[in-house]
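Hi everyone, thanks for coming.

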Amino acid sequence: MALAVAVVVAAAVAVTVVELRAAHERAVRRSHAEAVSVTTRFLGAWGKQDAAAMAALATPGTAGYVRTEIPKLKSSLLISSATYAYGIVSSTAHPGAPFTAKVVVQGLGTWTYTSRLDLAKVNGHWAVDFTPATIYPTLTATDTIVRTRVAGHRGVLTTAAGTPIRGSSAEIDGNLLGTVGKYDAAQAKAAGPHFEAGDVGGLSGLERAYNSTLAGTPGGTLTIRDAAGATVRTLLSVPKTDGSNVPLSIDLSVQRAAEAAVTAAIPAGQIGSLVAIDVASGKVLAFADHPINGYAYAIRGQFPAGSTFKIITTTAALLDGKTASTVLPCEPTATIDGRVFKNAENESYGPLSLAQAFAKSCNTAYVTLSSQIPRGSITKAAELYGMSAAPLSQQTGPLPITSYGGSVPMPADGADQAAESIGQGKVLVSPLELASVAAAVASGTWHQPYVTATPPAGAKSTVLPPPVASTLQALTGLVVTSGTAAQSGLPPGTHGKTGTAEYGTANPPKTIAWFVGYRGGIAFACQVGGAGVNAGFGADTAAPVVANFLRRL
């Protein structure tokens, strides 16, 4: 009997030992899970620079240090973001975990280092024992982390020959170069991680667009200094780099001619603009607005193209198999899908070849032509010249500053396409865009306009299919020799297209006058009118501005 009791007692003791061991293991696992949780939450809060959340997880003796030191470091070092990744968490010997910090210091870059997070038990639960050594292993209570910084020398915007261009033209200064000044916090953040509030940088125009090149990269250090102010360790050292000059495409002699022409030939009270582009490359040689240094309609204007858009419609027709000899009716009116279109001053020439219709700018011939080519073909032809069916507000402008190209939406019906064929309806273009169209006619290749001395990376270009360019070259020549611009005073060798675009709800509508074209190696577009002002006809108002410009060259 005694033996049986002993066996039972022994078995009970064994069960108790097993249960105690299991309970201990569960306690160890719970303790480790808590240690991992505290580590994860603390480092996550540190990454957010949330001192309050960090202090709630710290030991009572170090919580106050966390509350004061974390905000101080964030403001003194200009910490914009940080991540802290920990390694293996120990909850037994030397509780805690090593971690790697990646701290983005605004204006200097990323400071990467390793340290250790120590844990201690408080009332049976884990807490972070946060000391100066947690921030950085060698940091002591009497040390300070100090940030120093020095900016590089700023480059300048120059001519292609390297001469500083600022001050040469109020138009170029105000509407192309832009301004330089001190950044506020938001501007510094937008400029990139190397900049901070108080830095001098580009605020607008090309100064802003090319700021990283012009400004270079500021340099500086993060160092640990002792109580006496002596540097005991360098934590981060970033060398400064000086900025580089950015040469531009502007030709000051062409620019002066453009400014003088718009000033002399555009009437007082009218707005207007003129853009000149290098035929072979698409680089912008000059642009001028009237009044000088006004809104920059030359690159930011959004206007109906009027009859200058017949260059695009002719392109669509040639791609559909039509030729310069294709016969079209030029009657006072033409009706397409129930909508009546008419010629200016009810002109009527009877049957005309496509070449004659272009030279005389017969609207009814072109709306009839629009009904003979596939729906959407004008929009597709416009894409060869860098235009898009999307609204201008949804497009990326051709220049690195605010600028516009052209919008030619897909027509909903025949009447829509007829309106687009004469540059009305929903067609909107900038003078910059039409100058690039004229350059494409001259060279046979459309080039995206640019304002630097060399083409920027990713600049687009499109070769016009044969025989588009050669036919348009002949047709634009006829406009000046025997067409609508024959009496505009243009010098020999000029090719172009006049345009008169209607806008607004007045009866009769207000007009914008256009002349676009090329002579030698320079293509151009001139627009007069808009903003509620009536400009008259392109041949009478815009073409003489171009004639004045070309004579000055």
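**Cavity and pocket**

Searching the whole structure turns up 1 cavity of 30 Å³ or more. By cavity I mean a set of points, on a 1 Å grid over the protein atoms alone, where a 1.4 Å probe fits but cannot get out; a pocket is an open set with protein on both sides within 12 Å along at least five of seven lines, and lining residues have an atom within 4 Å of a point. Grid points are joined across faces, edges and corners, and a volume is the space filled by probe spheres set on the points.

Before going on, a word on what you are looking at: this is a predicted model, where local features need pLDDT of at least 70 and side-chain atom pairs count only at pLDDT 80 or more, while totals for chains, interfaces and linings use all residues. Residues are numbered from 1 along each chain as its sequence is written, and side-chain values use heavy atoms, with hydrogens and water left out.

Back to the largest cavity, then, with its volume of about 80 Å³. What lines the largest cavity? The residues are Trp46, Gln49, Ile70, Leu73, Leu77, Ile79, Tyr84, Val103, Trp111, Tyr113, Ile135 and Ile145. They divide into 11 nonpolar, 1 polar and no charged. For these classes, Ala, Val, Leu, Ile, Met, Phe, Trp, Tyr, Cys and Pro count as nonpolar, Asp, Glu, Lys and Arg as charged, and the others, Gly among them, as polar. Helix 3 (60-77), strand 1 (79-86) and strand 3 (109-122) each supply at least two lining residues, and helix 3 has the largest share, with 3. Helices (H or I, at least four residues) and strands (E, at least two) are DSSP runs, numbered from the N terminus.

The largest pocket has a volume of about 1100 Å³. It is lined by 33 residues, and the closest to its centre are Asn343, Ala344, Asn363, Thr500 and Glu502. By class, this lining has 10 nonpolar, 16 polar and 7 charged residues. Strand 16 (339-342), strand 22 (495-503) and helix 18 (538-541) each give at least two residues to it, with strand 22 giving the most, 5 residues.

**The whole protein**

Let's step back. The protein has 19 helices and 24 strands. Why do we call it more spread out than a compact globule? Because its radius of gyration is 36 Å, well over the 24 Å that the globule rule gives for 553 residues. That radius is taken over C-alpha atoms, and the rule is 2.2 Å times the number of residues to the power 0.38. Along its principal axes, the C-alpha trace spans about 135 × 70 × 40 Å.

Of the 553 residues, 51% are buried. Buried means under 20% relative accessible area, exposed over 50%, and partly exposed in between (1.4 Å probe, protein chains only).

**Two helices**

Helix 19 (residues 543-552) is mostly covered, as 7 of its 10 residues are buried. Those are Ala543, Val545, Val546, Ala547, Asn548, Phe549 and Leu550. They pack against helix 9 (252-265), strand 12 (272-278), strand 23 (510-519), strand 24 (522-528) and helix 18.

Now find Leu432, in helix 16 (residues 431-443). Is Leu432 buried or exposed? Leu432 is buried, with a relative accessible area of 0%. Setting aside neighbours within four places in sequence, its contacts (heavy atoms within 4.5 Å) include Val275, Ile277, Val284, Ala298, Ile299 and Pro449.

One loop, between strand 13 (284-290) and helix 10 (297-300), holds Pro291. A cis peptide bond joins His290 and Pro291, with omega about 5 degrees. Asn293 is also found in the loop between strand 13 and helix 10, and it has a positive phi of about 60 degrees although it is not a glycine. Asn293 counts as partly exposed, at 36% relative accessibility. Ala296 sits in that loop too, with a positive phi near 70 degrees, but Ala296 is buried, at a relative accessible area of 0%.

Finally, another cis peptide bond joins Pro466 and Pro467, with omega about 0 degrees. Pro467 lies in the loop between strand 21 (461-463) and helix 17 (468-481).
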